[in-house]
Amino acid sequence: MDKKKIFIIISIFWIVIIGGFIAFKEFTLQTGDEILLKTRPVDPRDLFRGDYVILRYDISTINTDTLSYQGSDFKEGDKIYISLSVDNNNIGSLVNISKNKPSKGIFIRGTIKNVYNNKLNVEYGIESYFVPEGKGKEIERNLGKIYAKITIDNFGNAVIKSLVLDGKTLI
């Protein structure tokens with residue numbers, strides 16, 4: 001095979017890989033349910049990456065004392081499904097947790113980062129969000145009052161659409 005054919009094959013391979021990532025996120029955005037999740041304050045600046053926010057949510061730390069599964073049922077790296085209820089303001093909150101994908105309702109899939117007693121720290125893949133230069137400080141001042149507008153597909157995958165403060169889209 002000559003160098004031109006190898007170059008074309010490698011180029012097509014990378015286009016398919018990158019296109020697959022984009023298509024996966026776009027599928028979630030187009031087919032998923034849109035809800036709001038309340039954020040918790042975390043420092044949003046990074047000298048190397050510019051302005052972005054590191055987001056934590058009310059559902060990032062889960063106390064399992066009153067839930068069907070306990071913290072001892074999980075270990076670091078386990079997949080977890082969080083069933084959510086959505087109120088009249090479209091704000092999602094934790095209902096229950098499961099090791100298996102729920103058959104109905106809105107749920108988000110996460111990964112256990114650590115377990116301490118009956119508390120689980122969970123990541124959902126929506127913990128960082130890049131913002132326009134100069135917006136990081138404004139968001140930092142309002143974290144805890146900001147909601148992340150996310151879309152969750154039928155598989156529990158989530159994508160951040162925007163950040164919302166007092167009903168107004170910030171970004």
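User: In β8, which residue is the bridge partner of L84?
Analyst: Strands of a sheet pair through backbone hydrogen bonds, either parallel or antiparallel. Here L84 has I106 of β8 as its bridge partner. This is a predicted model, where local features need pLDDT of at least 70 and side-chain atom pairs count only at pLDDT 80 or more, while totals for chains, interfaces and linings use all residues. Residues are numbered from 1 along each chain as its sequence is written, and side-chain values use heavy atoms, with hydrogens and water left out.

User: Over how many bridges do β6 and β8 pair?
Analyst: Strand β6 (residues 79–86) and strand β8 (residues 106–116) pair in the antiparallel sense over 6 bridges. Two strands pair if DSSP finds at least two bridges between them. Strands (E, at least two residues) and helices (H or I, at least four) are DSSP runs, numbered from the N terminus.

User: In what order do the strands of the open sheet stand?
Analyst: The order is β5-β9-β8-β6-β7, with antiparallel pairing. β5 (61–63) and β7 (92–98) each have a single partner strand, so one side of each is left without a neighbour in the sheet.

User: Which aromatic pair involves β6 and β8?
Analyst: Rings of Phe, Tyr and Trp (its six-membered ring) pair if their centres lie within 6.5 Å; planes under 30 degrees apart count as stacked, over 60 as edge-to-face and the rest as tilted. A search of the whole structure finds 4 such pairs. One of them, F27 with F155, is tilted, at 6.5 Å centre to centre and 35° between the planes. Y81 and F107 form an edge-to-face pair, 5.8 Å centre to centre with 70° between the planes. Y81 lies in β6 and F107 in β8, so this pair ties together parts 26 residues apart in sequence.

User: Is Y81 buried or exposed?
Analyst: Buried means under 20% relative accessible area, exposed over 50%, partly exposed in between (1.4 Å probe, protein chains only). Y81 is buried at 12%, and F107 is buried at 5%. F27, at 41%, counts as partly exposed.

User: Which element gives the largest share of the lining of the largest pocket?
Analyst: Rolling a probe the size of a water molecule over the atoms shows where empty space is left. On a 1 Å grid over the protein atoms alone, a pocket is an open set of points where a 1.4 Å probe fits, with protein on both sides within 12 Å along at least five of seven lines; lining residues have an atom within 4 Å of a point. β8 gives the largest share, 5 residues. The lining has 16 residues, with R109 among those nearest the centre.
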